[in-house]
Amino acid sequence: MAEMIIPYPQLQKILERTCELAVIKPRAEEMMDIVEKKLADLFEVAYENAKAENSETIKMRHIPITKGFKNSMNLFRAVIEDEGVEIEPIRKYVLKKIPGDRPLEEDVVNELPIIAGTLFVLVGRVIKALHPEIKNVYPEHIEEAKKVLDYTL
């Protein structure tokens with residue numbers, strides 16, 4: 001199981017506010033497994049993009065962030081301000097998980113907590129899109145969201 005990037009009580013509130021979903025801790029941990037994998041995927045592509053540009057550093061433009069992802073980033077950003085989520089522990093944790101041997105530009109480092117948190121929100125939003133009637137997250141919902149995100153991110 002993945003370590004909780006964001007403390008579980010705050011994750012509960014974030015998922016409730018962004019997706020109208022309730023999640024118990026074991027399900028949140030399963031969702032975090034997906035977040036870690038997708039974060040690694042995003043930075044694998046960013047590394048390839050930086051390499052193709054002969055850039056010595058990874059810049060925001062190298063990370064494959066879509067318009068929908070940006071919209072979810074804005075949603076996450078607004079919720080964490082209201083919930084008082086500590087950003088620095090998230091940044092430190094995520095920095096340890098980023099693959100590749102090129103340094104990150106400062107703006108990328110600053111956005112890491114938002115990117116990671118947004119991935120969590122995206123898992124929830126996919127679940128809610130597939131099952132608009134549900135309130136509680138179950139393992140089968142997480143597995144479906146994982147498949148969708150594997151196809152799209």
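This is a predicted model: local features need pLDDT of at least 70, side-chain atom pairs count only at pLDDT 80 or more; totals for chains, interfaces and linings use all residues.
**Stop 1: helix α1.** Select residues 8-19, the helix α1, and pick out Thr-18. Thr-18 counts as buried because its relative accessibility is 11%, under the 20% cut-off. The Thr-18 side chain reaches back to the backbone oxygen of Ile-14, at 2.7 Å. Next, display the neighbours beyond four places in sequence: Thr-18 touches Leu-75, Val-79, Val-121 and Arg-125.

**Stop 2: helix α2.** Move to residues 25-52, which form α2. Within α2, select Phe-43. Its relative accessibility is 0%, so Phe-43 counts as buried. Phe-43 and Ile-6 are 37 residues apart in sequence, and their C-alpha atoms lie 20 Å apart. Then step just past the end of α2 to Asn-54, and check its backbone: phi is positive, about 60°.

**Stop 3: helix α5.** Select residues 106-130 for α5, and centre on Lys-128. Is Lys-128 buried or exposed? Lys-128 is buried, yet has no salt bridge. Which side chain of opposite charge is nearest? That is Glu-20, 4.6 Å away; a salt bridge would need a nitrogen-to-carboxyl-oxygen distance within 4 Å. Finish with the contacts of Lys-128. Leaving out residues up to four places away in sequence, Lys-128 touches Cys-19, Glu-20, Leu-21 and Ile-134. One of these, Cys-19, falls in the 8-19 range of α1, where the tour began.

Terms used
Residues are numbered from 1 along each chain as its sequence is written. Side-chain values use heavy atoms; hydrogens and water are left out. Helices (H or I, at least four residues) and strands (E, at least two) are DSSP runs, numbered from the N terminus. Buried means under 20% relative accessible area, exposed over 50%, partly exposed in between (1.4 Å probe, protein chains only). Lys and Arg count as positive and Asp and Glu as negative; His and the chain ends are not counted. Contact means heavy atoms within 4.5 Å. A polar contact is a pair of N or O atoms within 3.5 Å; within protein, one must be able to donate a hydrogen and the other to accept it, and residues adjacent in sequence count only if both atoms are side-chain atoms.
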